[in-house]
Amino acid sequence: MTERMQDTLGTLVSRSARRNGSAPALLENGRSMSYAQLDEDSNRFAQHLLASGLQPGDKVAMLSPNSMEFMVAAFGILKAGLVWVPVNAMLSPPEVAYIVQHAEARLLVVDAQLGAHPAWSAALPALGVPLVRCGPGAEGAGTLAQALAGQPPSPPALEIDENALALIMYTSGTTGNPKGAMHSHRSVLAAVMSNAVTISVVPQDVLSAILPLFHCAQFSMSAAGLACGAAISIARGFDPAAVLATLARDKVSVIAALPAMYGALLQHPARAQHDLSTLRLAIYAMAPMAPELLRRLMQEFCPRFALGSGQTEMFPMTVYFPPEQQLQRTGNCWGQSTPVNDTALMDADGALLGPGQVGEIVHRGANAMLGYFKDPEATAAARRFGWHHTGDLGMWDEDGFLHFKGRLKDLIKTGGENVPAIRVEEALLGHPAVAVAAVVGLPHSEWIEAVTAFVCLKPGQSADAGALQEHCRATLAGFEIPKHIAIVETLPMTSTGKIQKHVLRANHQALYR
């Protein structure tokens, strides 16, 4: 009897390697890695992981910015039947420690340059798990290169069920600790193939990887490129001058970035020096684009722009606002569902709503998560009435296009990151001078929303904004620290003593303008 081939994230790479062996899969700062090498090196890392005593189903965390080695390690983990736990490389050591411990990770793959930073020199050993260092500058013992040496280039003799847990991505919620969204190989592959169809990826394409690969959006888009035989142009971080040079050098055809990034690229004085004529599609995310900026970008940067949206829990993209609709529908238009999932609007009683009615945006489809790791209550709450609940509010227009109308969750979306207001409030309340703190997101031209705090001090105590921001650095990531802290005498309250955050937002909409 013929054994059925399971569709997994590892077979995605292997199949592409058989079709496109010598073609470039990954490009980074002048370096190139072929499909054959990516396949073989990820096989070698998978062999190493299993030879080291790890068992299928064990969790392996990764703390790294973008690099070719990031992709080798990630696919090696997946090919070994292990569970990949990518960690936001911009988090603080205490936040990373929580994720590593909560995920029960048995190994941490860490970027060598990041690990050499003074903030991590003591924090990494304190995690209590073995380390494998990767990326630029990783040499000698305990590195990815050493792990690959001597291992066979063939995949492990292992059958991995496509419905098995493949990865856990941690996403900030409205509580202090992040939740781990669990995805199977099948759910991620469903999103990957849907993305490939939605943006029409072909082998001749070169896709950018400017956004972090540890986020679901960039990983799924890069995997879509690899599934189709395209090349992935990797940037380690966002520097406008370096990104412009990379786009031109690698002849990038599809770019994904945040609106503020596009603004910086458009305004950079070096833009005119680079040939960007290969760009055929520019995808933006997280927020609508200002019509004036979008119009200029379409005239001077790339003629076709599109908006993609999604969530870690529903592997992106879930909705897509295509190029032909840009500038035709202004405001917070998110477009229509992608082929992989359904989208609806729901009221509090589970009834689905029609055009012109505001309700919670819900999804269902093959790209849905398995649930939250070790959190059955949150899983059940997110799955009410058989749909995944996003916490976002929306409205259908008469043509079936979704418009974003706000959030149920008290979550600030800033520069591509989710920041729970309560987490920042807890950090501020840890300062001995702070009596009450309220944190909201306010409109900002660069960050989309800026984390903003309003603080009442204890009687007889004193502190300024700078001191409070410095205090926050001990426990918060850089993007979580308030951009502005206002010391106020009182905060707007309800009759029952609850802070009226909607009043703060309404009264300070123009703070950053």
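The questions and answers below concern a predicted model.

Residues are numbered from 1 along each chain as its sequence is written, and side-chain values use heavy atoms, with hydrogens and water left out. Local features need pLDDT of at least 70 and side-chain atom pairs count only at pLDDT 80 or more, while totals for chains, interfaces and linings use all residues.

Q: How far apart do the C-alpha centres of domain 1 and domain 2 lie?
A: The domain assignment of the protein chain gives domain 1 as 35-160 and domain 2 as 415-508; such bounds come from an automatic or database domain assignment. Their contact (heavy atoms within 4.5 Å) takes six residues from domain 1 and nine residues from domain 2. The C-alpha centres of the two domains are separated by 36 Å.

Q: Which residues of domain 1 lose the most area to domain 2?
A: Buried area is the accessible area (1.4 Å probe) that two parts lose on being put together, summed over both. Domain 1 and domain 2 bury about 450 Å² between them, with 48% of it on carbon and sulfur atoms. On the side of domain 1, 71% of what is buried comes together from Met90, Ser92 and Glu95.

Q: Which side chains meet in a salt bridge at 2.7 Å, N to O?
A: A salt bridge is a side-chain nitrogen of Lys or Arg within 4 Å of a carboxyl oxygen of Asp or Glu. Between domain 1 and domain 2 the count is one salt bridge. The pair at 2.7 Å, N to O, is Glu95 and Arg423.

Q: In which helix do Asp41 and Arg44 both lie?
A: The whole structure holds 22 salt bridges, and the side chains of Asp41 and Arg44 meet in a salt bridge at 3.1 Å, N to O. These residues are three apart, about one turn of the helix. Helices (H or I, at least four residues) and strands (E, at least two) are DSSP runs, numbered from the N terminus. Asp41 and Arg44 belong to helix 2 (residues 35-51).

Q: At what angle do helix 1 and helix 10 pack?
A: Axes are lines fitted to C-alpha atoms, for helices over the stretch in contact, and angles run from 0 to 180 degrees between N-to-C directions. Leu12, Ser16 and Arg19 of helix 1 meet Ala223, Leu226 and Ala227 of helix 10. With axes 9 Å apart, helix 1 (residues 9-20) and helix 10 (residues 216-227) pack at about 35 degrees.

Q: Which residues does a cis peptide bond join?
A: Met317 is found in the loop between strand 13 (305-309) and strand 14 (319-321). The cis bond, with omega about 10 degrees, joins Pro316 and Met317.
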